[in-house]
Amino acid sequence: TQPLRTALLRPCASRAVRALGARACSSDAATAPAEAAVEPEQLRSTFLETMRWRGFLHQSTDLAALDDAMSGGRVVAYLGFDATASSLHVGSLLQIMLLRHFQRAGHKPIVLVGGGTTKVGDPSGKDASRQLLDEEAIASNIEGISRVFGRFLTFGEGPTDALLVNNDAWLSPLSYLAFLRDYGRHFTINRMLSFESVKQRLARESPLSFLEFNYMILQAYDFLELHRRHGATLQFGGSDQWGNIISGVELGRRADGAQLFGLTAPLVTTADGKKMGKTAAGAVWLNEDLLSPYEYWQFWRNTADADVGRFLRFFTELPQDEVEKLEALRGAQINDAKVVLANEATRMLHGEACLAEIQATAASLFAAGGGGGGGGTASLKRVKLSADEAAAGVPVVDLFVSLELGKSKSEVRRLVAGGGAKLNDVKIEDAALLISTASFEAASEIKLSAGKKKHGVVELAQ
């Protein structure tokens, strides 16, 4: 049999693509000896060349053969999402954009939701076992995460239309003994112990259950099943999935003699080294019932200067010349690039219609000396007070918590003490303040703010 050839791609470094030996199967594959070099200009596939320029390419198995396959016709590829929450967050967006570019290049994407693998739990990047969810919770989460895919991909019956597939269809009916006999023999404990997700847990002396240890086998089997059922020959994933992807490629070769490929995108971190998708206020969710379109827009608008160029490449479809012009902006002008980034990212997820309201709200809040309650706040999170509640008075700390401007009353009290809590842009001096009918004066709403970037509206019910 031919050795498995892998490549580590460094789009931000030397721009050279190194083909690595068969044993380079974990996320530290960069330490393996190089056998050959493939220059980026040799890529013939439009998709791979676009992904190289945008910075999506990190690792690949046999890049030259994959390039031949993709430049020679339609390829079917998949990417998996486990149902561990009711919504995906922005950390998953790079993978979704990868599928979107893939489809727009004339190929067929498969979205695999992990109804089966979520029952086990992926140990990658975790210091402890994931909480096990019951069937009802998994089904509810699948419904929640599936909403977003239709906003980025075209689903249907056509040759390049996307498919949504649930791996519970083949994993739950498996017979344990038959599965071990037919497929367990293709995996060695020696090799599995070398995977980064396992090594990290063992190095930290964190428990790794036998249940989690089986996750990589199930993910490898997913690839084999998707190849047999739908002709998938390529698996996408984040770089933390590299070892699991390699296992699937090898299982396909050993079980069916199939030539399968794997390609990973980098795990995105911000310029200060933090993991993409999290903020001090929590996860940046993609479902609007968990994060409003305005808050989503504001997340992108608040991008650090050093991240703007990368994020324009990753999270928009702007052409290369336009991105490079925006990347060249310096000083205060870089804020123009941040607005473009926020508009483009929000348009793709939430649609064009919400942008006018968002921009009106932003203009009100970011304008010099930006005013208090009223106009320009339509996109902000809001709570309503009844006439009776307003007459009695409601503690301002309760309203801050209701608007998710603070996680707890004690946090809000600290915010007030530090001078960061404001009512209609005026500092709140007393944490015991009650919001009453008099607080609204002649207006129907008031604005509460936590710092300069988090705002909410209290509306007086008529």
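Is Ile110 buried or exposed, and what is its relative accessible area?

## Ile110 in strand E6

In this predicted model, Ile110 is buried (under 20% relative accessible area, where exposed means over 50% and partly exposed lies in between, with a 1.4 Å probe and protein chains only), its relative accessible area being 0%. Ile110 belongs to strand E6, residues 108-114, strands (E, at least two residues) and helices (H or I, at least four) being DSSP runs numbered from the N terminus.

Apart from neighbours within four places in sequence, the residues in contact with Ile110 include Val76, Tyr78, Leu163, Leu226 and His230, contact meaning heavy atoms within 4.5 Å.

## Glu445 in strand E17

Glu445, in strand E17 (residues 445-450), counts as buried at 11% relative accessibility. The side chains of Glu445 and Arg382 are joined by a polar contact of 3.0 Å (a pair of N or O atoms within 3.5 Å; within protein, one must be able to donate a hydrogen and the other to accept it, and residues adjacent in sequence count only if both atoms are side-chain atoms).

## Residues where H13 meets H14

Gly309, Leu312 and Arg313 of helix H13 meet Val323, Glu324, Leu326 and Glu327 of helix H14.

## Basis of the values

Residues are numbered from 1 along each chain as its sequence is written. Local features need pLDDT of at least 70 and side-chain atom pairs count only at pLDDT 80 or more, while totals for chains, interfaces and linings use all residues, and side-chain values use heavy atoms, with hydrogens and water left out.
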